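Hi everyone, thanks for coming. Let me put a structure on the screen, and then we can walk through some of it together.

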Amino acid sequence: MEKIQILWVDDEIDLLKPHIMFLEQKGYNVDTINNGDEAVDMIDAKHYDIVLLDENMPGITGIEALSQIKEKHSNLPVVMITKSEEESIMEDAIGSKISDYLIKPVNPNQILLSIKKNLDTRRLVSEKTTSAYQQEFRQIGMALNDVRTYQEWIDMYKRLVYWEMELEKLEDEGMNQILNMQKSEANGLFTKFIERNYADWLNGIEEGPVMSHTLFKEKVSPYLKEEKPVFLLVIDNLRYDQWKAIQPMVENYFTVDKEEIFYSILPSATQYARNALFAGLMPSEIKKRFPKLWKDDIEEGGKNLYEKEFLADQLQRLGHGSIKHSYNKITNHAAGKKLAENLNNYMSNKLNVIVYNFVDMLSHAKTEMEVIRELADNDKAYRSLTVSWFNNSPLFDIIRQLASKDVRLVITTDHGTVNVNEPTKVVGDRNTNTNLRYKQGKNLSYNPKEVFEVKNPEDIFLPKTNVSTSYVFAREDKFFAYPNNYNHYVKYYRNTFQHGGVSLEEMIIPVVSLS
């Protein structure tokens with residue numbers, strides 16, 4: 001392996017001979033120079049891995065040399081060394097993107113630590129992370145079979161997402177494959193858990209988690225008693241891992257007071273889960289209470305057109321009927337910009353609900369657009385694309401604006417989404433719905449081992465379009481495919497992001513309270 005090349009710039013370089021010998025004994029190659037002008041020329045002429053730069057020198061100062069170095073070699077790590085503890089010099093150096101700041105006198109170990117921190121961090125972190133996950137892998141493997149409660153599944157999923165995001169920084173394909181196998185095993189066990197417990201939660205036979213239809217009452221309504229305005233931001237289709245990816249950007253402006261998890265109802269699809277969120281009711285209850293507003297799968301027209309009315313009704317039932325509130329659904333960039341420009345108009349409302357549809361559009365675009373398929377080829381790329389969009393979106397602008405006002409912000413979603421890979425055949429009549437992760441209809445034909453089947457929809461508070469309607473939900477990463485034109489259909493939909501079925505990614509989702 002080639003030696004690491006260091007340039008040390010100091011007008012008293014002769015006094016630093018013991019330090020230089022120490023570094024050379026550690027295997028580094030150290031060039032020295034006693035002024036900033038020549039240092040800039042040397043860096044132009046030769047490749048260096050890191051520069052140790054004295055701040056106070058005759059001729060051009062360290063800060064001036066730093067500026068010239070960064071102009072041409074923006075990624076070259078520079079460690080500033082100075083006798084001065086003046087705050088203004090520190091700020092100038094940090095503003096010029098130094099990699100570290102050391103105050104004289106420095107000892108050799110300080111220098112060594114700074115070099116390792118800047119040059120070996122990636123390798124050291126990679127080795128440590130890999131070793132830590134290898135230990136954790138065994139623990140997760142043993143713990144998976146002992147997960148018994150909805151809270152334990154939340155904790156397990158958070159653990160898996162944590163390691164997925166840690167390992168993605170390393171680009172270690174072998175480790176990622178091991179983790180994906182573990183996630184797949186977890187999803188298989190989670191599906192069985194849902195099959196056993198879901199109906200009991202809804203029917204009060206056993207205590208269940210906060211779910212779509214109880215989310216507003218449990219996690220938003222209490223904040224309406226506070227003095228400050230409440231902004232409820234529902235980002236459609238936002239998975240827990242996508243929230244963790246954008247969280248650092250949000251935390252530049254807001255403090256996370258509570259990060260919690262709730263469960264999407266089934267089907268984990270917008271028409272059901274988001275209507276349930278705003279109505280505070282399960283789908284069959286919504287249909288009964290609002291027969292003219294609920295649309296079944298097979299009916300023409302939009303299925304989420306009355307969230308505003310459902311919300312007003314829920315506020316009334318919760319004793320908040322008199323509060324001033326707004327509801328905005330953002331489905332394109334222009335509408336997002338317009339809302340951002342008019343945000344001040346909403347500050348006199350007690351509650352402002354914003355439904356933001358981008359992530360949903362992204363998952364659909366991955367199915368329909370070749371370029372998005374390539375950009376979001378897997379979960380890691382899907383998170384990365386979400387971050388890129390968020391960073392340049394009117395939504396982020398809205399969040400930044402809200403940070404300058406005294407508001408309560410609650411960020412949540414209606415359901416997640418899962419990358420599907422395994423087709424499973426289903427046959428139904430022409431009135432069967434088109435969703436790839438759940439089917440409802442009469443006389444459905446399918447492999448019962450590959451689905452979660454609900455023969456009586458009333459058991460889980462889902463509407464029936466006729467007497468023999470049943471529902472089936474795809475498990476893990478499966479998707480429903482019809483036998484006719486099967487190969488074309490499978491090729492088109494494999495490795496796309498879908499929702500509506502049973503998986504950790506679709507059902508275990510975030511609700512975050514910020515101030």
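This is a predicted model: local features need pLDDT of at least 70, side-chain atom pairs count only at pLDDT 80 or more; totals for chains, interfaces and linings use all residues.

Let's begin with strand β9, residues 351–356. Is this strand buried or exposed? Six of its six residues are buried, so β9 is largely enclosed by the rest of the structure. Leu351, Val353 and Val355 point one way, while Asn352, Ile354 and Tyr356 point the other way.

Who are the partners of β9? One is β6, residues 230–235, which runs parallel to β9 and is joined to it by six bridges. Here phenylalanine 231 stands opposite asparagine 352. Another is β8, residues 325–330, again parallel and again with six bridges to β9. In that pairing, histidine 325 has leucine 351 as its bridge partner. To get from β8 to β9, the chain passes through helix α13, residues 333–341, and this β-α-β crossover is right-handed.

Now the cores. The largest nonpolar core has 103 residues, and Trp153, Phe190, Ile194, Tyr198, Tyr263 and Phe473 are the ones with the most contacts inside it. There is also a second, separate core of 20 residues, with Ile33, Tyr48, Met57 and Leu66 among them.

Four bridges join β13 to β16, residues 470–474, and lysine 439 has valine 472 in β16 as its bridge partner.

Methods: Residues are numbered from 1 along each chain as its sequence is written. Side-chain values use heavy atoms; hydrogens and water are left out. Two strands pair if DSSP finds at least two bridges between them. Helices (H or I, at least four residues) and strands (E, at least two) are DSSP runs, numbered from the N terminus. A nonpolar core is a set of buried Ala, Val, Leu, Ile, Met, Phe, Trp, Tyr and Cys residues joined through side-chain atoms within 4.5 Å. Buried means under 20% relative accessible area, exposed over 50%, partly exposed in between (1.4 Å probe, protein chains only). A crossover is right-handed if, with the strands pointing away from the viewer, the path from the first strand over the helix to the second runs clockwise.
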